[in-house]
Amino acid sequence: MSITFNTAALLFPAISLIMLAYTNRFLALAALVRSLHAKYLEHNKSGVLHGQIKNLRYRLKLIQQMQALGVLSFVTCIVCMYCIYIDHGFLTELTFALSLLFFALSLIVSLLEIRVSNKALELELSDMEDADDPSLVDYIKRKFDKTKNGPR
């Protein structure tokens with residue numbers, strides 16, 4: 001098998017895009033953590049809030065692993081390109097394979113994080129199912145009024 005600069009360079013846009021997606025997920029999660037922190041400071045210590053905090057800690061670890069594997073994929077791809085430059089066939093193939101492996105592992109961890117994220121949304125929905133009024137619109141209005149007028 002012959003790996004050229006073009007072959008290795010194909011990974012760069014894919015890795016860059018996935019790292020951008022991971023960064024966006026991290027930023028969204030950071031905003032959620034800040035929001036939950038504000039709720040916690042308001043002494044709203046419901047079971048749902050504690051469940052969300054536990055879920056967020058796990059998701060943060062998963063995102064850290066996704067990003068680390070993405071970076072490793074990028075670095076091994078760069079090393080692969082250097083090995084192509086110095087014309088070292090075995091190291092070229094090895095580092096290209098490692099880059100693909102790290103990229104695949106990163107995507108697998110991303111899939112796991114997506115599943116955990118969905119569980120967090122299910123936790124939020126279960127909290128709303130306990131509302132007295134079955135209307136979602138009325139529930140949201142009551143929540144908005146509580147935050148607007150302060151706790152009742």
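Glu113 forms a salt bridge with Arg59, with the closest N and O atoms 2.8 Å apart. A salt bridge here is a side-chain nitrogen of Lys or Arg within 4 Å of a carboxyl oxygen of Asp or Glu. Glu113 lies in helix 4 and Arg59 in helix 3 (residues 47-85), so the pair ties together parts that are 54 residues apart in sequence. Helices are DSSP runs of H or I with at least four residues, strands are runs of E with at least two, and both are numbered from the N terminus.

The model is predicted: local features need pLDDT of at least 70, side-chain atom pairs count only at pLDDT 80 or more, and totals for chains, interfaces and linings use all residues. Residues are numbered from 1 along each chain as its sequence is written, and side-chain values use heavy atoms, with hydrogens and water left out.

Arg25 forms a salt bridge with Glu113, and here the closest N and O atoms are 2.6 Å apart. This pair links distant parts of the chain: Arg25 sits in helix 2 (residues 11-41), Glu113 in helix 4, and 88 residues separate them. A search of the whole structure finds 2 salt bridges. Side chains of opposite charge can pair when their charged atoms come close.

Glu113 counts as buried because its relative accessibility is 0%. Arg25 is partly exposed, at a relative accessible area of 28%. The classes are: buried under 20% relative accessible area, exposed over 50%, partly exposed in between (1.4 Å probe, protein chains only).

Now the chain as a whole. Its secondary structure comes to 5 helices and 0 strands. Along the sequence, the pattern reads α-α-α-α-α. Of the 152 residues, 28% count as buried. Take contacts (heavy atoms within 4.5 Å). Among those between residues at least 6 apart in sequence, 77% join residues at least 24 apart. The accessible surface comes to about 10,300 Å², and carbon and sulfur atoms hold 65% of that. Accessible areas come from the Shrake-Rupley method with a 1.4 Å probe; for residues, only the protein chains shown count as cover.

Helix 4 also carries Ser99. Ser99 counts as buried because its relative accessibility is 0%. What is Ser99 in contact with, leaving aside its neighbours within four places in sequence? The partners are Leu11, Ile15, Ser73, Thr76 and Cys77.

Next, the surface. Phe90, Leu91, Leu94, Leu98, Leu101, Leu105 and Ile108 make a nonpolar surface patch of about 610 Å². Patches are made of residues with over 30% relative accessible area and no salt bridge; like charges are joined within 9 Å, and nonpolar side chains (Val, Leu, Ile, Met, Phe, Trp, Tyr) within 5 Å. Leu105 is found in helix 4 (residues 89-129). Leu105 is partly exposed, with a relative accessible area of 35%.

Last, the aromatics. A search of the whole structure finds 1 aromatic pair. Tyr82 and Tyr85 form this pair, which is tilted: 6.4 Å centre to centre, 35 degrees between the planes. Rings of Phe, Tyr and Trp (its six-membered ring) pair if their centres lie within 6.5 Å; planes under 30 degrees apart count as stacked, over 60 as edge-to-face and the rest as tilted. Both tyrosines lie in helix 3, 3 residues apart, about one turn of the helix. Tyr82 is exposed at 51% relative accessible area. Tyr85 also counts as exposed, at 63% relative accessibility.
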